[in-house]
Amino acid sequence: MSPRAGSAGPHTLAFVESPVQLLNVLEWAHLQALGAVEEPGGGLTLVVLSPTDPMTRGQLRRMAELARDEGYRVRWEEARGGPGAPFQTIGGLTPLLRRARRVVMGDPFSRYVQLLLTITKARDLVVVDDGTATMEFVAQLARGERLVRWHRKGGRPGARDLIFAPVSSSARRRLTPGDRRNVEVFSSMPVDEKPEGVTVTANDFAWTRARFGPPRITKGADMVGTSLVETGVVDGGHYLEAVRTLAKAHGATRYFAHRRESTDKLHRLAAETGLEIVRPDLPLELIARRGPVGRTILSFPSTVVHTLPLALAGTEVRVAVCDIDPAWLTEHASPRAEGFLSGVTGKARDVTRLSAVTAA
C-alpha cells in the first residue's frame with residue numbers, strides 16, 4: 001500500500017482511525033455514488049491515522065484493501081509511530097486539508113481529528129459513525145457542550161485535557177453549521193437531539209448488503225464481546241459471570257472478541273466458559289454478513305445492536321441484547337454510564353431484549 005497515494009488534492013478527504021469508521025466511510029461513499037464519477041476514486045482519498053494496537057491495524061489493512069478494490073485512494077499514515085510522528089503526519093496532510101472541499105471524519109472526539117479540523121477550510125464536514133459515541137457527539141453538539149467521550153464524562157479534566165481545551169473548543173465551533181459551513185452526520189444510530197442546521201442521513205448498510213452474503217445460518221448462537229471492562233466501566237468478574245450465564249442459557253459456542261479486549265481476559269473467558277474465542281479480521285457487520293453466523297447473536301449494549309439488524313436485514317438471524325446490571329459497574333464508572341448504556345439498548349430497533357440474565 002502506497003503511503004503517499006492520492007496526494008493530488010482530493011475533492012473529499014476522509015480520516016479514519018478504526019475499521020468501523022472506514023466501513024462507514026465506504027457506506028457513505030456508496031450512498032453518494034462517489035465511485036460513479038469519471039475521476040479515479042470518485043474524488044475520495046481515505047487517510048488512515050494508524051493506531052498501534054496490532055488487531056486494529058490488521059483489520060484496518062483488510063478494510064483498506066476493500067476500499068482500494070472499490071477504486072478509492074488510500075493513504076496510510078503511521079500517525080503514532082514515535083514522538084515526532086504527529087508533527088510529521090500533520091505537516092504532510094496540511095496541503096491536502098487546505099485544498100479539500102469536503103472533509104469526512106469518523107471520530108470527532110479524537111484529538112488528532114480535532115487538530116486537523118483547525119487546519120481545514122472545507123465548507124462541507126461529514127461525521128460518519130464511530131459506534132455509540134456518535135449518539136453522544138450529536139447530543140453534545142445540540143446542547144453546545146464541550147466534546148467529551150461518554151465514559152469519561154463526569155470526571156475531572158486532566159492536565160492534558162486542560163492544555164488541549166482551546167483546540168477542542170475550536171473543533172466544536174467548526175462542527176457547528178453556519179452560513180459558510182455545512183455539517184452532515186451519517187449514522188445508523190438513533191438521533192434524538194438533532195443540532196440546528198445539521199443534516200442527518202441514515203446509514204442502512206446498503207454497501208455491505210450489496211457486496212456480501214446472504215450468510216449461511218447455523219443452528220447455534222454466537223456472542224459479541226465488548227470492551228466495557230477495558231474502559232473501566234464494568235467489573236471483570238461480573239462480566240465473566242454474565243457471559244457464562246448468557247452462553248449457557250442460549251447455547252452459544254463462539255465469542256467474537258472486540259478488538260480492544262485484553263488477551264488475559266479472553267484466555268480466562270475461554271477457560272471458564274468453554275466458548276471458542278474468535279478474533280475477527282474485519283468489522284463484525286461484514287463477518288456476520290459473509291457468514292456462517294448463528295441463528296441468534298447475543299450482545300451486551302454496544303454499536304452492533306443497532307448495526308447488525310441493518311446489515312442482516314432479510315435474513316433469519318435474530319439479535320438479542322442483554323442489559324448491563326447496575327451492580328456490574330465499577331466505582332470508577334462515569335455517573336452517566338448506567339443511563340447511557342440503558343439508552344443504547346432501549347433505542348435499538350429489531351432486537352430482542354434479555355432481562356433475565358441481569359440476575360447473573
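1. Tyr239, Phe300 and Trp328 come together as one aromatic cluster, in a count where rings of Phe, Tyr and Trp (its six-membered ring) pair if their centres lie within 6.5 Å, with planes under 30 degrees apart taken as stacked, over 60 as edge-to-face and the rest as tilted. By this rule there are four aromatic pairs.

2. The model is predicted, so that local features need pLDDT of at least 70 and side-chain atom pairs count only at pLDDT 80 or more, whereas totals for chains, interfaces and linings use all residues. Residues are numbered from 1 along each chain as its sequence is written, and side-chain values use heavy atoms, with hydrogens and water left out.

3. By the pair rule the count is four aromatic pairs. Phe109 and Phe137 are edge-to-face, because their ring centres are 6.3 Å apart and their planes stand at 85°. This pair links distant parts of the chain, with Phe109 in the loop between β4 (102–105) and α4 (111–117) and Phe137, 28 residues apart from it, in helix α5 (residues 133–143); helices (H or I, at least four residues) and strands (E, at least two) are DSSP runs, numbered from the N terminus. Phe109 counts as buried at 8% relative accessibility, and Phe137 counts as buried at 1%, where buried means under 20% relative accessible area, exposed over 50% and partly exposed in between (1.4 Å probe, protein chains only).

4. Phe205 has phi near 60°, a positive value in a residue other than glycine; Phe205 lies in the loop between β7 (199–202) and α7, and is buried, with a relative accessible area of 1%. Asp350 likewise has a positive phi near 60°, but its place is in the loop between α12 (337–346) and β13 (352–354), and at 71% relative accessibility Asp350 counts as exposed.

5. Two cis peptide bonds deserve a look in the model. The bond from Gly213 to Pro214 is cis, with omega near 5°, and Pro214 is found in the loop between α7 (206–211) and β8 (217–224). The bond from Gly291 to Pro292 is cis as well, with omega near -5°, and Pro292 lies in the loop between α10 (284–290) and β11 (293–299).

6. The charged end of Arg61 sits over the ring of Trp76, 4.0 Å from the ring centre, a placement that requires NZ of Lys or CZ of Arg within 6 Å of the ring centre and within 35 degrees of the ring normal.
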